[in-house]
Amino acid sequence: MQLIKYTALFLAVLLSTSAFAQKNIDPRRKQAIDSLALEKVKDLSKYISIVGNKETQFSEAQRVMDRAEELFAEDSEMGVSSLEREEVNYYKVREYFERLMALNYDKVKIQWYDIHYVSDLEQQPDGTFVGVITVYQRFEGSSKDGTMEYKDTTKKDITIFVKRKETQIAGRIIEFWDVMLGDIRVTETSA
């Protein structure tokens, strides 16, 4: 199912390449890019919930972490905040997931909601387009008996990179636009 979803979006992005290569993006073509970016953010949300769930088996968590890393540009970092400290700590994607899996709660519930673009894609000097998607995350950590030990809500900005790439299909070089997630910055933490 996941493969079919990405393939359909990939083809939509591939077919829109010539129009997207222009400085101004046709709104209909750009919609395919935006859809792919939002799908990747939603998939990341799902992966975080799976790895954070204490009932997830270790092998499944490892598989999901591998999939999550594929969503990101190299060296991307994820921010982690807490109501108990002022600073935000940043970790590489794999380290973030390993720390999430090791949290000292019996039950962890993580939900992302209100996922939306806050900035339009802007072209950079190297031809890459960059945008920002904002999400809200509700985190709850509790004990076996259900006693809530910690909860917070964080607002996060996710950098989106849209970059031209090439692939070979049946001996032909095909150009396409790929969407990668970048750094995830915490902009607000509340109870």
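1. Let me start with Glu87, which counts as partly exposed because its relative accessible area is 45% (buried means under 20%, exposed over 50% and partly exposed in between, with a 1.4 Å probe and protein chains only). Its side chain meets that of Arg85 in a salt bridge, at 4.0 Å from N to O (a salt bridge is a side-chain nitrogen of Lys or Arg within 4 Å of a carboxyl oxygen of Asp or Glu). Arg85 is partly exposed too, at 27% relative accessibility.

2. A word on the basis of these notes. This is a predicted model, so local features need pLDDT of at least 70 and side-chain atom pairs count only at pLDDT 80 or more, while totals for chains, interfaces and linings use all residues. Residues are numbered from 1 along each chain as its sequence is written, and side-chain values use heavy atoms, with hydrogens and water left out.

3. Glu86 sits in the loop between strand 1 and strand 2 (helices, H or I of at least four residues, and strands, E of at least two, are DSSP runs numbered from the N terminus). At 83% relative accessibility, Glu86 is exposed. Please look at Glu86 together with Thr189: they are 103 residues apart along the chain, and their C-alpha atoms are separated by 9.5 Å.

4. Which residues lie nearest the centre of the largest pocket? They are Val80, Ser81, Arg85, Leu103 and Phe139, out of 22 lining residues. The volume of this pocket is about 450 Å³. For the terms: on a 1 Å grid over the protein atoms alone, a pocket is an open set of points where a 1.4 Å probe fits, with protein on both sides within 12 Å along at least five of seven lines, and lining residues have an atom within 4 Å of a point. Grid points are joined across faces, edges and corners, and the volume is the space filled by probe spheres set on the points.

5. Strand 1 (77-80), strand 2 (89-92), helix 5 (93-101), strand 4 (129-142) and strand 5 (148-169) each supply at least two residues, and strand 5 gives the most, with five. By class, the lining has 10 nonpolar, six polar and six charged residues (Ala, Val, Leu, Ile, Met, Phe, Trp, Tyr, Cys and Pro count as nonpolar, Asp, Glu, Lys and Arg as charged, and the others, Gly among them, as polar).

6. Is Thr154 buried or exposed? This strand 5 residue is buried, with a relative accessible area of 2%. Beyond its neighbours within four places in sequence, Thr154 is in contact with Ser81, Val135, Tyr136, Gln137, Val186, Glu188 and Thr189 (contact means heavy atoms within 4.5 Å).

7. Thr187, in strand 6 (residues 172-190), is partly exposed, with a relative accessible area of 42%. Thr187 and Thr154 are 33 residues apart in sequence and 7.4 Å apart in space, C-alpha to C-alpha. With neighbours within four places in sequence left aside, the contacts of Thr187 are Lys155, Lys156 and Asp157.

8. The largest nonpolar core has 36 residues, of which Leu44, Ile48, Met78, Phe97, Trp112 and Ile160 touch the most other members (such a core is a set of buried Ala, Val, Leu, Ile, Met, Phe, Trp, Tyr and Cys residues joined through side-chain atoms within 4.5 Å). Helix 3 (27-52), helix 4 (58-70), helix 5, strand 3 (107-123), strand 4, strand 5 and strand 6 each give two or more residues to this core, and the largest share, eight residues, comes from helix 3. Outside its four-place sequence neighbourhood, Met78 has contacts including Leu44, Ile48, Phe97 and Ile184.

9. Of salt bridges, the structure holds 14. One of them joins the side chains of Lys30 and Asp120, at 3.0 Å from N to O. Lys30 lies in helix 3 and Asp120 in strand 3, so this pair ties together parts that are 90 residues apart in sequence. Lys30 is buried, at 12% relative accessible area, whereas Asp120 is partly exposed, at 48%.

10. Finally, Arg94 forms a salt bridge with Glu69, with 3.0 Å between the closest N and O atoms. Arg94 belongs to helix 5 and Glu69 to helix 4, so the pair ties together parts 25 residues apart in sequence. Arg94 is buried, with a relative accessible area of 19%, and Glu69 is partly exposed, at 32%. Both belong to a network of salt bridges that links Asp66, Glu69, Arg94 and Glu98.
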